[in-house]
Amino acid sequence: MNRLAIIKPCVVLCLLMLPCCIRAQQAKSDMFVLEGHRQMVLGNHGDAFELIRHALELNPRSVAALEEMGEFWHYMRRDSMAAVYMRRAADLAPDDYWVQQPLVELYVSMGQTDEALAKLEQLYGQFPEKEDVLLMLEALYKQKNDYENVVKVLDRLELKEGKSEQLSMEKFRTFIRMGDTDRAFAEMNALADEYPNDMHYRVLMGDTYMEAGRPERAIEVYRAIEADDPDNTGLMLSMLSYYSVTNQDSLMRQQIMKVLSTKEIDSGLRMRLLNSQVLESLNEKRDPQPLLDIFAHLLSMPQTDDQVAELCARYMATVGVPQEQIKPVLNQILDINPENRMARSQLLQYATEEDDTMEVVRLCRTAADLDIDDPVFYYYLGIAYFQMDSTRLAIDAFKHGFRHVADDTNLQLVTNMYALMGDTYHKMGDMEHAYESYDSCLVYRPDEALVLNNYAYYLSLERRWLDKAEDMSRRSLIKEPDNPTYIDTYAWILFQQKRYAEARTYIDKALTLMGDEIDADDANIVEHAGDIYARLGDKQTAMRYWTLSAELGNDSPLLAKKLKKQKYYAY
């Protein structure tokens, strides 16, 4: 039997099995690539390398394995090795954009700009629909200062997207960099011609001349637009810039007024322009009147918000305008926006400086009605009601204010409110609540001298908790040792404790400190001196002080009785 006849079927069988083996090898290679990529993501770079290397042994033509190996070497900062594998992958998949593109990025990172450009030009030929290829070409040609090719790329983008302001401006700037002004302005003319009814592009043409330092051509364009569309907002702003650049200050101020008075102007733009004028006026120490005139004109028109009025008020205060002229602007702010705290606070400051109680009530009562969360308004409202003897309203105001006390509230304000609430309760004869208020005040500020003194004095008048009163009075004297009123309180507490000799030492000190400045407000202190000397048996000195107290205006019936009977009577 012929031996070849036996061998031939075996050869045929092996050839038939070969594609299956290759596919199996490829599938196994792909599995190793996937696992290698996973290990790379996990940060196990050594394992990743071995897995991908083995994948290439199984299938040297695996594009995925070549890409992964290229990425591995790039990560290890071995870009020359990375380039070897990425080029092999690109050669094996010439029609796959996503395989080609990483090679471009690698060339760029290696500083091989020419290689990157050549690859991108090849990719543009293959994939003309890929806009990012053109954008990368533009960026790299710019990097090389190859402006002719930049223009060619921009022309390609224009063919894809159509003529646009962005592309035309980019071409304009490129021509300027090339020193080719003729082509630069031809480009802008072409844009304006493309949209003849769109004034924006005509204005842009004038702005381009200004940008190029050719204001004489710019004004020609602006005047032509003005003849067709004098109320064009963009034109007004460009004219403002033109007058500023050409140092035509008078015309510039007129143009500012025109721009700001235009209803169509965006409110944000109006405020930016006004802010710039305010800053320039302050920095250059200009005469404020022209800008004040502009503000007055603007505020004579209907307002949609309080921004212009607030800026005006701040500017007026900064340049020293009298407060009587600022007040109407601040009130206009509140008419527009009652919750504007700056305006209300400033008006409140003016009212307190002028002791205008009714204005304080007006401003703070509205704040309370709006439930504005600033305790200051309720504090001053309570003070105003206290001065008007509206004690119940004062208490309500203080309580409302406490509801708005926050962690960042001024501590002195809180203590003052508690102190005044205590004084108000005292005025009402409600001593229990008065003492509670004083205690609350001292929790915040244990050394608040005025509260310590008042609290101690009221306790002494009631002959109540005299040890506590003495301690508080002593603490007030530590803070203000030469305050005659505080010294008198301490002397009176000692008097109530029947420590008359000690009391005389302190009352004499108080009288010495007052000297010749004794007035009606000191009548009670002088009466106390008489009482102390009476208890010490010095009737003559007591009568002298009681008489002086009456002369100072003390019309107390008890004092009159003392003078008449020439002896001390307890309160």
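A nonpolar core is a set of buried Ala, Val, Leu, Ile, Met, Phe, Trp, Tyr and Cys residues joined through side-chain atoms within 4.5 Å. The exercises below concern a predicted model.

**Exercise 1. The nonpolar cores**

State how many residues the largest nonpolar core has, and identify the residues with the most contacts inside it.

Solution. 
1. The largest nonpolar core has 131 residues.
2. Tyr222, Leu274, Phe295, Leu330 and Phe398 have the most contacts within that core.
3. Take leucine 274 as an example: with neighbours within four places in sequence left aside, leucine 274 touches Leu260, Phe295, Leu298, Val308 and Leu311.
4. Another core, of 40 residues, lies apart from the largest one; Val33, Leu56, Tyr85 and Leu154 are among its residues.

**Exercise 2. Helix 14**

Determine how the buried residues of helix 14 are placed around its axis, and what covers them.

Solution. 
1. Helix 14 runs over residues 249-261, 13 residues in total, and its first and last C-alpha atoms are 18 Å apart, close to the 18 Å expected at 1.5 Å a residue.
2. Its buried residues are Met252, Gln255, Ile256, Val259 and Leu260.
3. These residues cover an arc of only 125° around the axis and therefore lie on the same side of helix 14.
4. The cover over the buried residues of helix 14 includes helix 13 (233-245), helix 15 (267-283) and helix 16 (289-299).

**Exercise 3. Helix 16**

Explain why the buried residues of helix 16 line one face of the helix, and list the helices against which they pack.

Solution. 
1. In helix 16, the buried residues are Leu291, Leu292, Ile294, Phe295, Leu298 and Leu299.
2. Viewed down the axis of helix 16, they fall within an arc of 155°, so they line one face.
3. The buried residues of helix 16 pack against helix 14, helix 15, helix 17 (307-318) and helix 18 (323-336).

**Exercise 4. Aromatic pairs**

Classify the geometry of the pair formed by phenylalanine 49 and tryptophan 73, and that of the pair formed by tyrosine 533 and tyrosine 545.

Solution. 
1. The model has 20 aromatic pairs.
2. Phenylalanine 49 and tryptophan 73 have ring centres 5.7 Å apart and planes at 75°, so this pair is edge-to-face.
3. Phenylalanine 49 belongs to helix 2 (residues 45-58) and tryptophan 73 to helix 3 (residues 63-75); the pair, 24 residues apart, links distant parts of the chain.
4. Tryptophan 73 has a relative accessible area of 14% and is therefore buried.
5. The pair of tyrosine 533 and tyrosine 545 is tilted, at 5.9 Å centre to centre and 35° between the planes.
6. Tyrosine 533 is in helix 29 (residues 523-535) and tyrosine 545 in helix 30 (residues 539-551), 12 residues apart; both tyrosine 533 and tyrosine 545 are buried.

Definitions and conventions. Residues are numbered from 1 along each chain as its sequence is written. This is a predicted model: local features need pLDDT of at least 70, side-chain atom pairs count only at pLDDT 80 or more; totals for chains, interfaces and linings use all residues. Side-chain values use heavy atoms; hydrogens and water are left out. Helices (H or I, at least four residues) and strands (E, at least two) are DSSP runs, numbered from the N terminus. The expected span of a helix is 1.5 Å times one less than its number of residues. Buried means under 20% relative accessible area, exposed over 50%, partly exposed in between (1.4 Å probe, protein chains only). The arc is that of the directions from the helix axis to the C-beta atoms. Contact means heavy atoms within 4.5 Å. Rings of Phe, Tyr and Trp (its six-membered ring) pair if their centres lie within 6.5 Å; planes under 30 degrees apart count as stacked, over 60 as edge-to-face and the rest as tilted.
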